[in-house]
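Let's take a walk through this fold together, starting with the overall picture and then moving along the chain. Keep the viewer open as you read.

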Amino acid sequence: MNAIATKPLKAYAVNEHDEQSGAIYFARHAITARKAGANEYGDGELSYVSCKRAPWADRFADTGIVPASVMVEQGWHFECTCCGVRIDEDLSDRWQEGQHDCLSDMLRQARRRRKWTPSMIVGTQHSAVFCDAACEAAWQIVRAETRRIEARIAARFKAIVLRRFPDAEIVDGGDRFQRPHVYVTRNAAGRLVPRQAVVAFRFPGMKSAPATLRWDHRSTYHGGKPHWSCCVGDQAAFEAWARGQAVPSDLPPVPEEAA
Ligand SMILES: [Zn+2]
């Protein structure tokens, strides 16, 4: 048996020199870990990163999955995917009283602060990380709401395209870059709202690429009204085709008007 191959994997902490980013790597030799970390965090330059043994993480060598909770206990820090707070050992001190809807909400938050320990952190160094299960649950709700808005707005824009151009063939499904795209963010009041929608569609005579119906929220530079566009090379074909189709008077409303 080859002695080199059976040398056990050991954990190494590789960090940028400012210690703001880094990860645990598992390798048989420090130089292997350092190279991997330098590629990820130091533009490939070994001198940009430090590499130290992290014996406390050796027990995760089998899976390579290091829980964020254990890393925080070792002085690492993360950002909560849900609330954006810095998660380190002092997290509960950082949770502010904030705004509470009612007394029971305030008491609930106080209880959460009192009870929190790093072991309650959800996630690993390779996944989304959350302060605790409450933040993870809140995030799942936000994700579901975001998906619901995306689906609703995409359906509405597809309807606008087909109402205006019944012969259009919507680009859907498999094409990751051209399928209907809706971008959702929070507005100033904290509500999830659509900011941008793009629906691509093929049309008779198209040669280069699908045309699009695009809308940006009115707060953006190009924002306000949905607009149609196509490649320069397809412009003549698109315009000829568009001229041949009657403009209906009852196009479905764009999201801002309908919100
Ligand atoms: Zn959080």
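The protein has 8 helices and 10 strands; helices (H or I, at least four residues) and strands (E, at least two) are DSSP runs, numbered from the N terminus. Before going further, bear in mind that this is a predicted model, where local features need pLDDT of at least 70, side-chain atom pairs count only at pLDDT 80 or more, and totals for chains, interfaces and linings use all residues. Residues are numbered from 1 along each chain as its sequence is written, and side-chain values use heavy atoms, with hydrogens and water left out.

Of the 259 residues, 36% count as buried, where buried means under 20% relative accessible area, exposed over 50%, and partly exposed in between (1.4 Å probe, protein chains only). The accessible surface comes to about 15600 Å², with 52% of that belonging to carbon and sulfur atoms; the areas come from the Shrake-Rupley method with a 1.4 Å probe, and for residues only the protein chains shown count as cover. Take the contacts (heavy atoms within 4.5 Å) with a separation of 6 or more: 49% of them are between residues 24 or more positions apart.

Now zoom in on helix H5, residues 103-115. Its 13 residues reach 18 Å from first C-alpha to last, close to the 18 Å expected at 1.5 Å a residue, the expected span being 1.5 Å times one less than the number of residues. Which residues of H5 are buried? They are Asp105, Gln109 and Arg113. Seen down the axis of H5, the buried residues fall within an arc of 75°, so they line one face of the helix; the arc is that of the directions from the helix axis to the C-beta atoms. Helix H4 (91-94) is part of what covers the buried residues of H5. Turn to the face directed away from the buried side and you'll find the exposed residues Leu103, Arg114 and Lys115.

H5 also takes part in one of the structure's 7 salt bridges, each a side-chain nitrogen of Lys or Arg within 4 Å of a carboxyl oxygen of Asp or Glu. Here arginine 112 meets aspartate 132 at 2.8 Å, N to O. The pair links distant parts of the chain, since arginine 112 sits in H5 and aspartate 132 in the loop between H5 and helix H6 (133-164), 20 residues apart. Aspartate 132 is buried, with a relative accessible area of 5%.

Next comes H6, whose 32 residues reach 47 Å from first C-alpha to last, close to the 46 Å expected. Among its buried residues are Val142, Ile149, Ile153, Phe157 and Ile160. Lysine 158 of H6 pairs with aspartate 172, in the loop between strands E6 (169-170) and E7 (181-186), 14 residues apart. Their salt bridge spans 2.9 Å, N to O. Both ends are partly exposed: lysine 158 at 24% and aspartate 172 at 41%.

Arginine 186 stands opposite leucine 192 in E8. The hairpin has 5 residues between the strands, and glycine 190 takes a positive phi near 90°.

How values were computed
Pairing = 2+ DSSP bridges.
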